[in-house]
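This report goes through one model step by step. Keep the sequence and the 3D view open while reading.

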Amino acid sequence: MSNQSNPHSRGCFITVEGTEGVGKTTNIAWIRQCLTSYGIDPVMTREPGGTNLSEEIRALLLEPREEPMAEMTELLLIFAARAQHLARKIVPALDQGQWVLCDRFTDATYAYQGGGRSLDKSTISHLETLVQADLRPDLVLILDIEPEIGLQRARQRGEPDRFEQETLQFFRRVRAAYQERASQDPTRYLLIDAGQSLDKVQHQIQTGMAAFMSRRLAT
Ligand code: T5A
């Protein structure tokens, strides 16, 4: 794919990340509301998924199964879903100047497959370049919480999916990988303490979004 950087004539790409049950779904609605207050109506989407074909790949990835899925199969399915999602939804929207708000993206791959599964980061980086060229989110909000609390919240919703069946150690590695990514680029990453009451979490998000919007509008 060519010409995938985000010059300002194009839309803006915002992603939301975190471990299981951290409150992404709840807070994405709030982020959308924050954007609406600036007159922006973002395209809402998610990964894995976002198009019919990518949602079919999502089902393959999440469904618990007897035959264990090889780590490389998982990684390639995630990037296959992402290639389709980019080609059919994200890139066309950005090209039209729209804003895109996406529940998880490639930071999840670095966190889950890189941190959780301990796959080589350079393999992920290679696939990232192959599938995305130079397209990266303009802003990544990482909701950060003790994995125990998030898992408790997630497991109250019903049968755990294939990822939710992983060990606490797995989710501690996922969280550490997210924290490491956030610390490497504090202007592009916003680390939110999601262990607080919803009011306080939303206040942090609103403050961070306001800072991002003023930077964005100033350039
Ligand atoms: N995956 C994904 C990879 O391994 N690699 C990749 O590259 C990608 C893209 C699916 C899985 O795919 C994996 C990671 C995932 O395991 P998903 O559908 O995003 O990804 O799965 P979940 O993280 O499980 O997302 P959920 O929708 O299940 O959880 P949320 O959205 O984080 O949590 P939410 O908002 O539903 O909240 C959970 C509960 O907590 C409450 C809510 O009301 C809700 O009941 N809550 C709070 N309670 C108290 N205080 C607060 N501050 C609260 N905030 C929310």
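## Arg 104 and its backbone

Arg 104 sits in the loop between strand 3 and helix 4. The model is a predicted one. In this model Arg 104 has a positive phi of about 75°, although Arg 104 is not a glycine. As a rule, most residues other than glycine have a negative phi.

An N or O atom in the side chain of Arg 104 is 2.5 Å from an oxygen atom of the ligand.

## Contacts with the ligand

Which residues come nearest to the ligand? Of the 29 residues around the ligand, they are Thr 25, Thr 26, Arg 58, Arg 104 and Arg 157. The side chain of Thr 25 has an N or O atom 2.5 Å from an oxygen atom of the ligand. For Glu 20, an N or O atom of the side chain is 2.8 Å from a ligand oxygen atom. Taken alone, the ligand exposes 1,000 Å², and the protein buries 82% of that area.

## The pocket and its shell

The ligand takes up the space of the largest pocket. Sorted by class, the shell around the ligand has 11 nonpolar, 8 polar and 10 charged residues.

Helix 1 (24-36), helix 2 (52-62), helix 3 (71-95), helix 4 (106-116) and helix 8 (198-218) each supply at least two residues. Which helix gives the most to the shell? Helix 4 does, with 4 residues.

## An aromatic pair

How many aromatic pairs does a search of the whole structure find? The search finds 6. One of the aromatic pairs is formed by Phe 13 and Phe 105; this pair is edge-to-face, with 4.9 Å from centre to centre and 80° between the planes.

Phe 13 lies in strand 1 (residues 13-18), while Phe 105 lies in the loop between strand 3 (100-103) and helix 4, so the pair ties together parts that are 92 residues apart in sequence.

## A cis peptide bond

Glu 47 and Pro 48 are joined by a cis peptide bond, with omega about -15°. Most peptide bonds are trans. Pro 48 is found in the loop between strand 2 (43-46) and helix 2.

Definitions and conventions. Residues are numbered from 1 along each chain as its sequence is written. This is a predicted model: local features need pLDDT of at least 70, side-chain atom pairs count only at pLDDT 80 or more; totals for chains, interfaces and linings use all residues. Side-chain values use heavy atoms; hydrogens and water are left out. A residue is near a molecule or strand if one of its heavy atoms lies within 4 Å of it. A polar contact is a pair of N or O atoms within 3.5 Å; within protein, one must be able to donate a hydrogen and the other to accept it, and residues adjacent in sequence count only if both atoms are side-chain atoms. Accessible areas come from the Shrake-Rupley method with a 1.4 Å probe; for residues, only the protein chains shown count as cover. On a 1 Å grid over the protein atoms alone, a cavity is a set of points where a 1.4 Å probe fits but cannot get out, and a pocket is an open set with protein on both sides within 12 Å along at least five of seven lines; lining residues have an atom within 4 Å of a point. A molecule sits in a cavity or pocket if more than half of its atoms lie within 2 Å of its grid points. Ala, Val, Leu, Ile, Met, Phe, Trp, Tyr, Cys and Pro count as nonpolar, Asp, Glu, Lys and Arg as charged, and the others, Gly among them, as polar. Rings of Phe, Tyr and Trp (its six-membered ring) pair if their centres lie within 6.5 Å; planes under 30 degrees apart count as stacked, over 60 as edge-to-face and the rest as tilted.
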